Amino acid sequence: MISDLSIDNNSPPAPAETVSVLFQHYAKPICAYIHSLVDDWELAYDLTQETYLRLYRTRDRLPAVENQRAWVYRIATNLAINAVKRRKRFAWLPWSKAHERVDFAWHDLEATLDNQAAVQRALAQLAPEYRAPLVLYSSYDFSVREIAEALHLNESAVKVRLHRARERFRQLYAEGTTHE
Amino acid sequence: MNNHQQMQELLAIYDHLPADQRVQVDDHLQTCAECAAALAAYRTMDQALQQMRQQKFNYLNREPALLEQRLAATQPTRKPPLRAPWRIGVNQRSPLPVLQMAGAGALVLLLVLLATLLIGRNPLDTPVTAATPTTIEPTATVVVTPTAPAPVAAAPENQVTIRFATYDWAEAQYEPLIATFEQANPDVKVETIAIQELLGVDSYDWPDDANEQMLTKADVVDLFISPRTVGGALVRDLTPFIAADPTFAVADFYPNTLSAFQWDGGTWAVPTSINFNLIYYDQDRFDEAGVAYPQPGWTWAEFVQTAQAVTQREGDEVTVWGFVNTWSDHLGLIESQTGPLFDAATTNVAARLREPTVLDSVQRYADLFLQARASPFFKPPAPENETGFTQESTLVELGQAAMWSDFMINWQWRSTKRRIGVVTYPVTANRQNSTMIFADGRTLSARSAHPAAAWRWLSFLSHQGGRFGPDFLPLRPSLATTFWQTLDPDVATVMRYAIDHSFPVLYDRPYPTEQALRDAIAATLAGETTVAAALANVPTAAETLRQAQLASAATPTPPPVSAGTATTATITITYLIGYSTIEIGTVRTLAQQFQQDHPTIQVKVNYPPYQETLDLPAIAAAADCFDWSPIVYNPDERSVLVNLAPFLTGASALDPSDFYPGLLRQFTLADGVWGLPSEAKPKVIEYNKALFDAHGLAYPSSTWTTDEFVALAKQLTHGAGRTKQYGFAGDFYELSDAELFLQRRGGSLYDRSSNPPSFAFDHPATVAALQWYTDLTRGLGIKPLFATSLDASNPLGMTYAQRWALLNSGRAGMWTTVIGVPNTHYQLPAGLNSGIVPLPVGVDGKPAADPMAMTGYYIAAASPHPQACWEWIRFLTEQPNAVQGVPARRSVVESAAYRQQVGDGRATIYAALLDSYTPPADDLLLFQHPWLAKARPWWEEAYTQVVKGEATATDALQVAQQRAEAYRACVIDANAFTNEAQQQSCAAAVGLPGQ
């Protein structure tokens with residue numbers, strides 16, 4: 001019976017609807033990542049859901065997407081940055097009490113590594129355009145190339161942003177400043 | 001830039017530097033103390049951010065429910081659809097509309113509440129066997145909190161095992177708690193069991209004796225209880241345990257939580273978390289109307305006055321309603337004024353309905369609709385039309401409500417969408433407590449053989465904080481510090497006021513009376529009867545419902561198949577649902593059917609283990625067989641699969657010609673057949689038959705052309721503005737449909753005649769096709785404009801809601817739909833009589849090759865039971881209900897069972913679509929030349945400009961073509977066909993939209 005089968009060595013890929021599975025892989029890390037950017041669990045859940053929806057709508061492109069991780073993170077980043085900007089319109093980080101000073105000197109950081117709230121606060125004060133590459137690089141082990149793909153930037157721009165993000169983060173942490 | 005500056009920039013990516021640059025930096029570090037310090041700081045920074053990530057993961061592991069449920073709402077097939085629990089028959093409880101208020105932002109609660117509803121069926125149709133309570137011998141056991149775990153000890157000989165029944169999606173979150181508890185209580189072992197598994201059901205459509213079953217088979221149950229549950233002697237009074245447990249801290253509960261479960265001198269459950277109603281308001285709407293924001297303690301008169309003041313009208317049409325009862329919870333708002341009409345102390349609801357205060361409250365509420373006309377009333381849909389999302393909730397989503405009712409847990413979700421405030425329900429002169437507190441609890445079975453141990457577990461859990469996530473207020477003030485700290489101060493003030501002015505509400509209510517009361521209120525709001533007459537009729541109506549319920553209950557129904565049925569199976573195989581969107585319960589039911597014919601094979605059905613990267617090898621390692629996408633072109637990936645070719649010729653062979661050839665080809669390579677196709681999901685056009693009939697139009701045929709499509713759409717288009725009826729509502733991502741029609745009009749995005757291929761954006765046929773499609777919106781006005789890109793500038797959720805609002809209100813003649821992709825957020829009303837037809841044929845009169853999602857079954861190479869797996873997947877391919885899309889086998893699609901399931905007409909269309917399926921040429925081209933896809937943003941930009949009237953099709957596509965060609969030239973020059981980073985650089989160098 002096998003001989004009746006039409007064997008096609010050049011069979012094209014099926015139009016992939018890998019979204020369900022793909023997103024199952026990424027749901028948790030994406031949610032954690034978005035939370036790093038927006039510092040708000042409910043919003044992170046919401047944006048994770050929205051990321052799925054957008055991923056679903058772009059499913060026809062997935063076969064052509066080599067780096068699906070970058071693709072997913074790109075969608076999530078756009079959503080998160082946009083959400084942060086919208087929220088900024090009327091209140092900057094209303095849930096994070098960003099007005100509270102973070103009085104840690106930089107040299108104390110190592111001793112206060114467990115103080116994740118302080119880390120999140122410093123991160124939250126970083127402009128979203130810098131926050132995203134720093135989190136992807138430092139927390140998610142993205143290469144510069146992957147970040148470029150995820151954020152729709154060229155690699156040079158990523159390097160510049162990472163450098164500035166690191167310096168700004170360092171400064172924010174050291175100064176406990178509340179202003180961007 | 002000097003060398004030091006360059007080095008500083010490189011330090012930021014030190015760990016990812018290529019070796020040659022690393023050497024340069026290292027050299028610089030030898031002489032630059034500043035850089036060395038910076039690098040040390042960056043490393044510490046990386047550690048901190050890594051830890052932060054891990055903490056977030058830990059949080060999500062501990063509290064997975066909110067994320068999972070949110071995703072379940074979006075990806076409905078991972079969980080029972082929302083629709084299912086609302087499907088009610090005459091013998092089933094009506095869902096409390098109040099439960100709907102949980103909404104999309106609080107699906108966890110919704111599901112829990114639903115569960116409660118379905119558990120709490122009327123005892124009249126569920127004779128309960130009263131258990132003889134065992135003697136309670138509470139022990140003064142010290143309940144140890146997780147912060148002080150005892151050393152691990154070997155399990156003592158007298159270790160007892162208690163069974164804890166909870167929801168399947170919540171099991172994982174209890175695992176760390178159990179570990180901590182068992183560490184501190186080595187004489188107790190806690191076993192969790194999913195309620196669904198315990199009941200032998202796969203959804204929330206639970207049997208009438210669910211309470212009894214659960215409390216018979218488990219010691220501790222996540223359960224909502226009522227006086228009727230207690231009356232059935234199913235649960236144990238916890239009072240003696242509480243009295244003997246010095247750690248329990250009775251005073252450390254919010255008002256109306258623990259006390260909600262206290263009556264008849266007993267305490268019947270321990271609350272786990274609380275929730276309550278608030279009124280939300282859109283501050284922009286208030287500002288537009290110049291109305292002051294409401295404050296807690298406002299009166300009903302002020303509420304009505306405010307609702308009228310913020311209502312906006314255009315002529316006779318209301319464009320913004322003053323108040324929208326989001327989940328049609330009319331009874332809830334009335335009870336906020338009257339106090340609970342159903343509670344542990346209410347023995348005669350009918351008597352309460354005659355009280356003047358109740359009559360007055362219902363009348364005042366009706367006046368809000370009928371006199372003030374500040375609130376919209378929608379007749380409750382028939383049970384079979386329930387979607388879980390009300391028309392009122394759509395108004396809220398669309399921003400057409402100035403105030404609306406909702407649960408407090410939805411605050412953060414709502415606040416991300418617009419500028420809102422919250423306020424408590426209004427009060428009356430005699431009643432200041434207007435906030436209904438909903439508490440859920442855990443119960444101890446009266447039949448538990450180990451009540452003392454079970455109590456220790458119960459008490460331990462009561463100290464563990466919020467059950468569902470950060471938005472739920474934990475039941476104990478001592479656990480709620482973080483909750484309040486992270487809340488906006490103004491919102492916190494309102495919520496504290498609400499708690500201080502609250503009263504408890506029970507979920508479990510006598511169905512006939514409650515439903516009769518809801519019907520009476522609905523009739524009043526519809527203006528069909530007076531309040532007095534409607535309420536007076538409640539007892540009669542309730543009795544009628546009760547009789548119908550009893551009659552229905554008398555009809556024997558087959559008992560549910562127990563998941564725990566003893567088996568004689570000698571082989572157990574694990575089947576994982578990796579890719580399909582089918583509900584797990586359906587597959588488990590099929591597995592039970594399979595086992596009847598194959599008694600030696602037991603199939604365990606599950607989802608793959610949750611992990612960050614689940615690929616084909618990973619799922620193959622965890623399963624004997626599974627479903628997955630048809631892409632198996634990587635030889636390494638195929639090595640984890642069993643070649644099915646020998647099975648196709650073996651003793652239990654099946655005829656491969658029974659599969660639609662285009663589908664089987666997707667799983668077949670020169671070296672074998674690596675999977676069996678299970679389903680395909682084609683895209684079709686669905687149309688509203690009623691609208692066609694009303695316009696005297698014949699339904700489209702399967703060979704219709706694009707010109708005929710336009711002609712029909714024109715005739716179906718009427719009106720203007722907010723009530724306009726459109727001939728065609730496309731996909732809410734515009735380009736999804738645009739590209740399908742582009743092919744039909746002879747256009748193409750790619751030029752295959754070049755080598756390497758090029759772009760055909762500015763080809764005259766493509767330009768004309770784009771012009772044609774965008775004219776549907778701009779020139780002809782027969783199609784609304786939805787999202788033109790998927791970037792963050794699009795309010796996609798809003799677009800989604802708008803499209804469904806259009807479809808649901810019957811204002812779309814035709815729309816595109818993908819067969820087999822369920823949607824629980826929005827569903828077409830069941831009463832809507834729709835037909836489907838393939839998309840119009842192409843200019844050559846032939847159907848275009850459209851993308852079609854597919855799934856297939858695989859056997860893992862490492863499985864010791866390939867033959868058993870083969871029998872199982874072979875069985876699956878024969879089942880019409882094993883997939884949500886179109887089955888891959890002709891014999892199934894043509895079977896009477898399937899035709900009955902989907903209808904003859906649809907089955908015929910599906911068969912034709914699958915018969916003629918050939919993979920789209922563009923898909924093949926992109927697979928062979930993935931670098932082409934990077935030019936897509938320019939195509940998307942051109943589409944957007946044209947459909948918005950910002951450029952002509954010729955101009956926009958010419959620009960897109962120039963950029964795409966420049967990109968192509970760059971790729972060729974750099975020989976970057978396989979270098980994605982270089983491709984990206986090329987695209988960026990040309991200039992991507994928005995760059």
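Okay, let's start with a strand pair: strand 21 of chain B and strand 24 (residues 812-818) of chain B run parallel and are joined by three bridges. Strands here are DSSP runs of E with at least two residues, helices are runs of H or I with at least four, and both are numbered from the N terminus. Two strands count as paired if DSSP finds at least two bridges between them.

Quick housekeeping. This is a predicted model, where local features need pLDDT of at least 70, side-chain atom pairs count only at pLDDT 80 or more, and totals for chains, interfaces and linings use all residues. Residues are numbered from 1 along each chain as its sequence is written, chains are lettered from A and ligands numbered from 1 in the order in which they are written, and side-chain values use heavy atoms, with hydrogens and water left out.

Back to the pair. Which residue is the bridge partner of B:Phe728 in strand 24 of chain B? That's B:Met814. Zooming out, four strands of chain B make an open sheet, ordered 21-24-20-25, with mixed pairing. Strand 21 (726-729) and strand 25 (834-837) of chain B are the edges, each pairing on one side only. On average, neighbouring strands in this sheet are turned by 25 degrees against each other, direction ignored. Axes, by the way, are lines fitted to C-alpha atoms, for helices over the stretch in contact, and angles run from 0 to 180 degrees between N-to-C directions.

Then there's helix 33 (residues 734-744) of chain B, lying across strand 20 (683-688), strand 21 and strand 24 of chain B, at about 105 degrees to strand 20 of chain B. Contact means heavy atoms within 4.5 Å.

Most residues other than glycine have a negative phi, and most peptide bonds are trans. But B:Asn256, not a glycine, has a positive phi of about 65 degrees. It sits in the loop between helix 12 (239-244) and strand 4 (262-263) of chain B. B:Arg373 also has a positive phi, about 50 degrees, and is in the loop between helix 17 (356-370) and helix 18 (391-397) of chain B.

Buried or exposed? B:Asn256 counts as buried because its relative accessibility is 16%, while B:Arg373, at 52%, counts as exposed. The cut-offs are under 20% relative accessible area for buried, over 50% for exposed, and partly exposed in between (1.4 Å probe, protein chains only).

Last one: the peptide bond from B:Asn755 to B:Pro756 is cis, with omega near 0 degrees. B:Pro756 is in the loop between strand 22 (750-751) and strand 23 (758-759) of chain B.
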